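Dear colleague,

I am handing over the structure we spoke about, and it is placed directly below. After it you will find my notes on what turned up, arranged by topic.

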Amino acid sequence: MKPSKLKRHLELKHPEYKEKPIDFFINRRRQLKSSKKNMTSMFSLSPQTENLVLASYEISKLIAETGYPHTIGEKLILPAMKIISSRICEKKTGKTSKFVGVVE
């Protein structure tokens, strides 16, 4: 933007910052960039979680493409995934585990 438009915006929309020195804005920009990095790392997904989300989206897409009601996911796919996951976990650890995070 043109400096004159930036100055006008500052004076009209943010009058409390009108008299601040340039160093104030440089420090503020640095603070915002560092906080943005912290927030990005806080909300980033692990590769395993990202793969689970992608798998969920792909299954939802398949259900939508078949034309069946969305309840087929609750009646058929969810119980099937519980069986598959319990068998896989049983083979890996030697004990049966519950499928965590699913509302029945």
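How much accessible surface does the chain have, and what share of that surface belongs to carbon and sulfur atoms? The accessible surface comes to about 9,900 Å², and 61% of that belongs to carbon and sulfur atoms. Please keep in mind throughout that this is a predicted model. Of the 104 residues in the chain, 4% count as buried.

As for secondary structure, the chain contains four helices and zero strands, so that reading along the sequence gives the pattern α-α-α-α.

Let me turn to the aromatic residues, where the structure holds two aromatic pairs. In one of them, Tyr17 and Phe24 are stacked, with 5.6 Å from centre to centre and 25° between the planes. In the other, the rings of Phe24 and Phe25 have their centres 5.3 Å apart and their planes at 80°, and because planes over 60 degrees apart count as edge-to-face, that is how this pair is classed. Together, the ring pairs link Tyr17, Phe24 and Phe25 into a cluster.

Next comes helix 3, which covers residues 47–66 and has 20 residues. At 1.5 Å a residue this helix should span 28 Å, and its end C-alpha atoms are 29 Å apart, which agrees with that expectation. Just after helix 3, Gly67 takes a positive phi of about 90°.

How many salt bridges does a search of the whole structure find? The search finds one, and it is formed by Lys61 with Glu65, whose closest N and O atoms are 3.9 Å apart. If you wish to check this assignment, note that the cut-off is 4 Å, so a distance of 3.9 Å falls within it. Both partners belong to helix 3, where Lys61 and Glu65 are four residues apart and are therefore separated by about one helical turn. Lys61 is exposed, having a relative accessible area of 52%, and Glu65 is exposed as well, with a relative accessible area of 54%.

With kind regards

Note on methods: Residues numbered from 1 in each chain as written. Predicted model: local features only at pLDDT ≥ 70, side-chain atom pairs only at ≥ 80, totals over all residues. Heavy atoms only, no water. Phe/Tyr/Trp six-rings, centres within 6.5 Å; stacked < 30°, edge-to-face > 60°. Helix = DSSP H or I, 4+ residues; strand = E, 2+ residues; numbered from the N terminus. Expected span 1.5 Å × (residues − 1). Salt bridge = Lys/Arg side-chain N within 4 Å of Asp/Glu carboxyl O. Buried < 20%, exposed > 50% of the residue type's maximum accessible area, 1.4 Å probe, protein only. Areas by Shrake-Rupley, 256 points an atom, 1.4 Å probe, with all protein chains shown as cover.
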